[in-house]
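Me: I would like to go through this model and ask, for each label attached to it, what the label rests on.

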Amino acid sequence: MTANLRPSYKEAQERLLKWCQNVTRNYESVKIRNFTSDFADGLAFCAIVHHYFPDAFDFNQLNRNNKQNNFDLAFRTAEEKAQIHPLLDSDDLVNGALDKKCVFTYLLTLYHGLKNRESMANKAFLK
């Protein structure tokens, strides 16, 4: 009998949530506890992307009330800097269509794209 090495969906959610919390821990205006309301203003997405690309934009200039700008900025920067295509539509998100599974899927895409990029940069640095 072989052990199942793939995490369950619940375990994957917990791990991804922990990663989000870890990369945003220095962003006082961002507290992540779930995949819905904590992403509703776009700042959490911006903080995650900014963590990896701090020179791409000034996070401190962002406004929690300007959701459209926050979503657009995070998705555009992730696409331009890391070739991570936006799986979410900022217009839908601004209008309240924040689906937990869709947010989870995009965050998983971000995680893999950003972590792979980080490990490649570390390998290049060590050469």
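Me: Which residues have the most contacts inside the largest nonpolar core, and how many residues does this core have?

Reply: In this predicted model, the largest nonpolar core has 37 residues, and those with the most contacts inside it are Phe-39, Phe-45, Leu-107 and Leu-110. At least two residues of this core come from each of α1 (9-23), α2 (43-52), α3 (67-82) and α5 (100-126), and α2 gives the most, with eight residues.

Me: What is Phe-45 in contact with, leaving aside its neighbours within four places in sequence?

Reply: With heavy atoms within 4.5 Å counted as contact, the partners of Phe-45 are Phe-39, Phe-71, Ala-74, Phe-75, Leu-88, Val-103, Tyr-106, Leu-107 and Leu-110. Among these partners, Phe-71, Ala-74 and Phe-75 are also listed as buried residues of α3.

Me: Why is one residue in the lining of the largest pocket counted as polar and one as charged?

Reply: The lining, which includes Arg-15 and His-112, divides into six nonpolar, one polar and one charged; because Arg counts as charged, and His belongs to the others that count as polar, Arg-15 is the charged residue and His-112 the polar one. This pocket has a volume of about 150 Å³, and α1 gives the most to its lining, with four residues.

Conventions: Residues are numbered from 1 along each chain as its sequence is written. This is a predicted model: local features need pLDDT of at least 70, side-chain atom pairs count only at pLDDT 80 or more; totals for chains, interfaces and linings use all residues. Side-chain values use heavy atoms; hydrogens and water are left out. A nonpolar core is a set of buried Ala, Val, Leu, Ile, Met, Phe, Trp, Tyr and Cys residues joined through side-chain atoms within 4.5 Å. Buried means under 20% relative accessible area, exposed over 50%, partly exposed in between (1.4 Å probe, protein chains only). On a 1 Å grid over the protein atoms alone, a cavity is a set of points where a 1.4 Å probe fits but cannot get out, and a pocket is an open set with protein on both sides within 12 Å along at least five of seven lines; lining residues have an atom within 4 Å of a point. Grid points are joined across faces, edges and corners, and a volume is the space filled by probe spheres set on the points.
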